[in-house]
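Please keep the sequence and the structure in view while reading.

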Amino acid sequence: MLSFVLRRLLLLVPVLAGLVVLLFAWLRALPGDPARALLGQRATPASIAQVNEAYGFDQPLPVQFVTYVGRLLRGDLGSSSATGQPVLQSFLDRFPATVELALAALLFAVALGVPLGYAAARRAGGALDSLLVGGSLLGVTIPVFFLAYLLKIVFSQWLPLLPTSGRQDPRIDATHVTGFFVLDGLLTREWDASLDALVHLVLPGIALGTIPLAIIVRITRASVLEVLGEDHVRTARAKGLPRGLVSRRHVLRNALLPVVTTIGLQTGLLFSGAVLTESVFAINGIGSYLFQAISQLDYAVLQGFILFIALTYALVNLVVDLLYGVIDPRVRLS
Amino acid sequence: MTQISSSGPAALGPAVPSAPDPDAVGSGGLWHSAWRRLRRNPSAIAGAAIVALFLLVAVFAPLIAPGQPGVPLPNSGVTPSSVPGPSPGHPLGLDSPGTDLLTQLVYGARQSLLIGVVSTALGLAGGAVLGVLAGGLGGWVDTVVMRVVDILLSIPSLLLAVSVAAVLGQRPVSVMIAIAVAQVPIFARLLRGSMLAQRGSDYVLAVHSLGVRRRTVVMSHLLPNSLGPVIVQATLTLATAIIEVAALSYLGLGDSNPSTAEWGRMLVNAQSRLSTDPHLALWPGFCIAVTALGFTLFGEALREALDPKGRK
Amino acid sequence: MALLEVRDLSISFPGGSGRGAALSKAVDGVSFDVEAGQVAGLVGESGSGKSVTSLAVMGLLPHTARVSGSASFDGRDLLAMPERELEGVRGRDVAMVFQDPMTSLNPVVTVGTQITEVLRRHTGASRRAARDEAGELLARVGIPAPVRRLREYPHQLSGGMRQRAMIAIALACSPRLLIADEPTTALDVTIQAQVLELMGELVRERGTAMLLITHDLGVVAGLCDTVTVMYSGRVVERADRHELFARPRHRYTSGLLASVPRLDAPRGQRLQPIPGTPRDVIGWDAGCAFAPRCSAADDACRGTELPLVQDPTASGRHLLRCAHPVPDHRPDDRPDQRADQRVGDQERSA
């Protein structure tokens with residue numbers, strides 16, 4: 001088991017190394033002077049000289065690369081060219097908001113997607129099935145930001161039932177401990193704050209979670225259909241086991257394995273979706289941060305973001321792989 | 001951005017001997033049976049219809065549109081709080097810069113088609129080269145290429161497209177290249193997999209034993225057999241490209257030339273008027289979604305139809 | 001009254017082109033009995049409909065299958081039973097062992113659970129008692145270190161052990177009828193004999209009746225009391241074991257027997273396969289399905305529907321569906337001589 005973990009971690013290294021090289025190349029490929037690119041609006045002869053010194057841009061290329069890697073390893077992702085704030089710090093400050101949103105979206109997608117996919121598979125070929133397949137195709141193709149718009153329009157104009165902006169009602173005086181608003185409310189026993197934060201997550205969660213929902217419905221449906229045709233299900237029925245037991249133990253348990261792996265793959269989608277949704281709903285997460293950075297061509301933030309995302313994505317996939325190893329005995333015991 | 005590649009069709013029913021399928025391979029080959037299956041599949045027909053409509057509109061744009069794209073009309077009657085509705089000569093009314101909405105939509109289709117096709121073709125070409133090299137040659141070439149593909153895949157495709165676009169600047173070409181780059185790893189993986197699967201197959205061994213050179217084997221035998229899945233993926237990629245173009249525009253990285261009509265940019269412009277004239281956002285959004293849906297429906301149906309195991 | 005009486009069983013499936021298309025018959029008017037405590041063999045090639053028949057008896061065919069006829073178990077027609085009631089019968093009164101133990105067992109559930117769930121379902125045993133019982137069952141089917149195996153997963157067992165586990169599962173609640181569908185086909189030859197021996201022992205020991213479905217005549221000769229031969233969805237011959245092997249009357253049966261390689265055949269003697277291939281199951285003709293491959297076939301065989309009748313020359317029960325059965329011969333004729341006769345037939349019709 002341990003060797004399994006170590007092996008997977010080891011595979012991560014060349015990928016990350018390659019990524020760093022690629023990022024460095026990208027940084028140097030940007031139009032104009034790298035120092036100027038990183039400083040953007042704050043470029044003055046003095047600051048340019050400073051950056052050149054710090055990054056070693058006046059040094060030969062190999063030295064530059066080493067300096068670059070050195071900085072990365074120290075956690076120095078540079079400073080935003082717009083605000084001058086250190087990138088890493090800004091990320092960490094805004095990370096909880098995005099994680100909360102991503103979790104809400106994932107929860108929505110899984111809690112709704114798995115039962116729907118199962119129902120569709122059970123009644124394959126029927127009306128419900130066709131409806132769900134069609135609906136899931138639509139869900140996959142609808143642009144995230146368009147959906148976000150729609151929800152915002154509908155709920156701010158015609159059905160003012162749910163909040164469409166921000167993470168918390170400014171009138172509630174909430175104490176923030178971890179940065180995860182829902183959790184904070186629970187920790188400080190401010191139940192109303194917690195509930196309020198939760199309510200604020202509904203619409204953005206639905207917008208962000210729709211594509212993952214569609215994908216989960218499709219994968220669950222396909223997986224359940226495949227398992228239903230397998231011999232061991234026939235054996236289970238031949239034993240006279242009641243339907244419910246056959247479904248739980250012999251169909252679902254087997255069918256959900258591929259679904260778990262998909263969840264890992266969703267992370268990438270969730271991040272890019274967050275970039276597009278957070279700004280619509282005025283949520284201060286890393287998504288909207290990146291959104292601003294792109295519109296302002298803030299290369300320092302962009303570079304830091306890419307590294308951050310790739311690392312997170314790789315780690316999440318690793319966790320999912322490990323999880324798979326835990327729940328599938330064929331992987332665990334080989 | 002969207003991962004439109006799901007698992008294939010699932011088998012139905014336990015292993016019971018079934019009557020031979022008259023559509024099965026052997027009665028006219030894979031393509032004929034695929035065509036027959038497609039003809040009967042309602043979602044394939046729907047998808048094909050949407051795609052055909054899209055193509056028609058895009059190609060015959062000048063004939064359909066009432067005006068010129070990106071040309072604001074003088075005396076348009078656009079105010080900060082309202083936008084003129086439908087009138088004779090302007091079936092859908094005007095949009096916020098004062099141009100005819102229908103014209104923008106129609107020419108937007110043309111733009112989407114252009115970018116979609118070019119970026120898919122580029123992605124396909126790039127991915128094919130990498131994939132064939134990796135799968136056909138194997139060994140260290142394979143390892144290196146796949147590491148690069150892994151790296152590219154570890155970045156969500158939208159962000160990848162963003163980075164490339166950032167480097168290349170705000171030209172229409174950069175958008176195409178950016179999206180293409182994001183698709184290269186997918187095609188590379190696909191072709192490599194196909195190459196590998198076939199390299200070990202009997203017919204390849206047979207051809208080899210007859211002394212045919214490696215390159216000929218790859219070009220004349222392996223490639224044609226990989227065509228099916230590649231076409232399916234290309235269709236799905238087109239759908240993704242259409243959405244990603246819009247996303248890139250939304251992020252401000254698209255074509256900044258105001259005379260080019262583009263659905264994504266229409267969405268951006270519509271943002272400020274969301275409360276007063278939501279239809280300005282709904283129309284382009286609807287177009288994006290439906291077009292992408294059409295390509296996806298068709299692509300998925302094509303995938304099922306080409307599956308040699310073809311059982312319903 | 002026999003334990004299981006199958007009468008006029010017919011099974012059809014929708015044809016290849018999907019909804020609304022013609023049905024194709026897989027099984028046509030099949031009848032046979034399984035007596036309590038006896039082993040009945042059901043023999044045929046792939047495509048003969050034997051597996052489908054057994055699945056129909058258990059009610060395990062897909063919804064699209066059209067089934068008619070009856071299958072009375074202890075007087076109750078299984079084919080007419082509502083699903084709920086059938087669930088009570090399966091696993092407890094009638095149990096089944098399938099061909100491929102690797103795919104027939106759930107790979108992500110422990111072997112132990114796959115046994116205990118049957119016990120707990122039908123006997124209401126506690127978890128503890130069921131586990132103990134499961135361990136004993138595994139020991140009884142000859143699996144070493146049975147208690148450890150309970151916590152293991154199917155992929156950790158060898159092929160032979162997996163099939164033994166399947167047998168343990170099937171016999172857990174002491175059913176009165178065991179249906180075994182090609183139980184040894186997927187196993188190594190050396191293991192096959194062991195598993196068959198085990199099955200023979202167990203059913204004799206417990207007085208369980210068995211319906212053994214196979215294409216392998218050797219298996220049948222070793223275990224079965226009666227044999228029913230199926231071809232292309234119909235019963236073509238049926239007799240007690242000794243009678244059938246001594247005096248096969250249907251051309252197909254004799255062809256099958258003749259095609260089996262024999263240790264005592266003279267050197268250099270060629271194998272005698274049956275010419276032609278089994279038909280695809282499309283449409284239905286009147287007359288004998290074997291006619292295209294039969295050297296003695298004539299128009300009488302092709303036109304009319306042939307009935308299954310008792311062979312008048314046989315001493316015991318021997319049913320036959322053939323217009324030109326193998327001529328009766330004296331008991332001391334050796335089978336290789338019949339093989340020579342077949343060669344003669346082929347040359348004449350070639």
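Chain B of this predicted model contains 11 helices and 0 strands. Read along the sequence, its pattern is α-α-α-α-α-α-α-α-α-α-α.

**Chain B: burial and contacts**
- Chain B has 312 residues, of which 46% count as buried.
- Among the contacts in chain B with a separation of 6 or more, 73% are between residues 24 or more positions apart.

**Where chain B touches chain A**
- In this pairing of chains, 46 residues of chain B are in contact with 46 residues of chain A.
- Four helices of chain B, namely H5 (139-153), H6 (157-168), H9 (214-250) and H11 (279-306), each supply at least two residues of the side that touches chain A.
- Helix H11(B) gives the most to this side of chain B, with 8 residues.
- By class, the side of chain B that touches chain A has 32 nonpolar, 12 polar and 2 charged residues.

**The sheet of chain C**
- In chain C, 4 strands form an open sheet with antiparallel pairing, in the order S2-S1-S4-S5.
- Strand S2 (23-34) and strand S5 (76-77) of chain C stand at the edges; each has a single partner strand, so one side of each is left without a neighbour in the sheet.
- Strand S1 (residues 4-14) and strand S4 (residues 66-73) of chain C run antiparallel and are joined by 7 bridges.
- Ser10(C) stands opposite Ser68(C), which is in S4(C).

**The helix across the sheet strands**
- Helix H1 (residues 50-58) of chain C lies across S1, S2 and S4 of chain C.
- The helix H1 of chain C runs at about 110° to S1(C).

Key:
Residues are numbered from 1 along each chain as its sequence is written. Chains are lettered from A and ligands numbered from 1 in the order in which they are written. This is a predicted model: local features need pLDDT of at least 70, side-chain atom pairs count only at pLDDT 80 or more; totals for chains, interfaces and linings use all residues. Two strands pair if DSSP finds at least two bridges between them. Two residues are in contact if their C-beta atoms, placed from the backbone, lie within 7 Å. Axes are lines fitted to C-alpha atoms, for helices over the stretch in contact, and angles run from 0 to 180 degrees between N-to-C directions. Ala, Val, Leu, Ile, Met, Phe, Trp, Tyr, Cys and Pro count as nonpolar, Asp, Glu, Lys and Arg as charged, and the others, Gly among them, as polar. A residue is buried if 20 or more other C-beta atoms lie within 10 Å of its own, exposed if 12 or fewer, and partly exposed in between; C-beta atoms are placed from the backbone.
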